[in-house]
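Me: I would be grateful for a close look at one part of this model, the packing of its helices, together with whatever bears on the metal site.

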Amino acid sequence: MLILGLETSCDETGVALYDTGRGLLGHALFSQVDIHVEYGGVVPELASRDHVRKTLPLVEQVMAEAGCTAADIDGVAYTAGPGLVGALMVGATLARALAWGWGVPALGVHHMEGHLLAPMLEDEHPEFPFVALLVSGGHTQLVRVDGIGQYRMLGESLDDAAGEAFDKAAKMLGLPYPGGPHIARLAEQGNPQRFDFPRPMVNRPGLDFSFSGLKTYTLNTVEECRVNGELAQQDRCDIARAFEDAVVATLVVKCRRALRQEGLKTLVMAGGVSANANLRAELKRALAKERAQVFYPAPMFCTDNGAMIAYAGAQRLLAGQVDGDEVPVRPRWPMEELPPIDDGAMAGRA
Ligand code: KG4
Ligand code: ZN
């Protein structure tokens, strides 16, 4: 079964072709970062307009590169939420129109389920059940995963998402949007001994997160370091390092706690922040001590992409799930509302 997947929930246009027998046949991504950078964040209307311009040409490009025609496609999957409503509408409308024209089924996919299943695209992928840490620009969640659509929320951020905290800290340091990769780069030159930032909520029981206190602490430190309004480059590096270390330590503590609570030895990490090299290394080190294993997607599939949507859609379409003729998008959509699919129906996990 060959599925075309479209991702347009935020500021990335992603398109991919996933075949349940042969795996990923092609993918392409257009990032709108250059469009939004001057505003310091994503401007929803500009995002929608650019998806209108980019999505269809990307579909044509991916199909041409994979050497496939409309007749080869068995279904179209698209991100139906959560995300920016206008941006979601562009992908949903195009996906439904293509599916209707080609006489194949269409299916709206949950963006976070896409992230959660992205590690399944790797040769070495996890087996159910596992605990998933989803860390993106909009979400920080720990989820128990017993199968596709069998999700139990274990904890989540009470305020900012981890990615959002990275983006805000980056702004304080005068770095462009999205800030995560820029903080990571500066942190490499930072002295880890200079500051000791608070590790939010690690001493409290439970699996929820909170990053707003850390944000305030970062802002206060930035202000204290300024001389005549200017921040020296080494100060920026040291603050970036202290901030990153605090986020990483917090996420690691909560992941270990979640695995212990659930009696599981497999952790999956996905979403934009899971591209962070320091986080990957620390989680691997911490979990190795407990003989637990961590899986994550290839860095290009950590941030938003079409492959994860094509994959998630393929599993659900293969299991017989299809949407009606309306074009539903759900800017807010709790992942626990998703229907389960029969594990035996899954493909591409040989
Ligand atoms: O999953 P994603 O691409 O989009 C959402 O669904 O939100 O995640 C984007 C987030 C941004 O906040 C970005 O700053 C963060 O992921 N991010 C990183 C890194 N790469 C992306 N954060 C920390 N370190 C990175 N290397
Ligand atoms: Zn995302």
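Reply: Helix α6 (residues 180–188) packs against α8 at an angle of about 110 degrees, and their axes are 7 Å apart. That angle makes α6 roughly perpendicular to α8, a term that covers 65 to 115 degrees. Axes here are lines fitted to C-alpha atoms, for helices over the stretch in contact, and angles run from 0 to 180 degrees between N-to-C directions. Helices are DSSP runs (H or I, at least four residues) and strands likewise (E, at least two), numbered from the N terminus.

The model is predicted: local features need pLDDT of at least 70 and side-chain atom pairs count only at pLDDT 80 or more, while totals for chains, interfaces and linings use all residues. Residues are numbered from 1 along each chain as its sequence is written, chains are lettered from A and ligands numbered from 1 in the order in which they are written, and side-chain values use heavy atoms, with hydrogens and water left out.

The crossing of α6 and α8 is left-handed, meaning that the near helix is turned anticlockwise from the far one by less than a right angle; clockwise would be right-handed. On the α6 side, the contact (heavy atoms within 4.5 Å) is made by Ile 183, Ala 184, Leu 186 and Ala 187. Helix α8 contributes Gln 233, Arg 236, Cys 237, Ala 240, Arg 241, Phe 243 and Glu 244.

Helix α8 (residues 233–262) also packs against α9 (residues 277–289), at an angle of about 35 degrees and with the axes 10 Å apart. The crossing of α8 and α9 is right-handed. From α8, the residues in contact are Glu 244, Asp 245, Val 248, Leu 251, Val 252, Cys 255, Arg 256 and Leu 259. From α9, they are Asn 278, Leu 279, Glu 282, Leu 283, Ala 286 and Leu 287.

As for the metal site, the zinc ion (ligand 2) is coordinated by His 111 (NE2), His 115 (NE2) and Asp 304 (OD), at 2.0 to 2.1 Å. Donors are N, O and S atoms within 2.8 Å of the metal (3.2 Å for Na, K and Ca); water is not among the atoms, so sites may look incomplete. The spacing of the donors along the chain is H-x3-H-x188-D. His 115 lies in helix α4 (residues 111–117) and Asp 304 in the loop between β10 (293–295) and α10 (306–318), so the pair ties together parts 189 residues apart in sequence. His 115 counts as buried at 1% relative accessibility, and Asp 304 is buried at 12%; buried means under 20% relative accessible area, exposed over 50%, and partly exposed in between (1.4 Å probe, protein chains only).

Methods. Angles under 35 degrees count as roughly parallel, over 145 as roughly antiparallel, 65 to 115 as roughly perpendicular and the rest as oblique.
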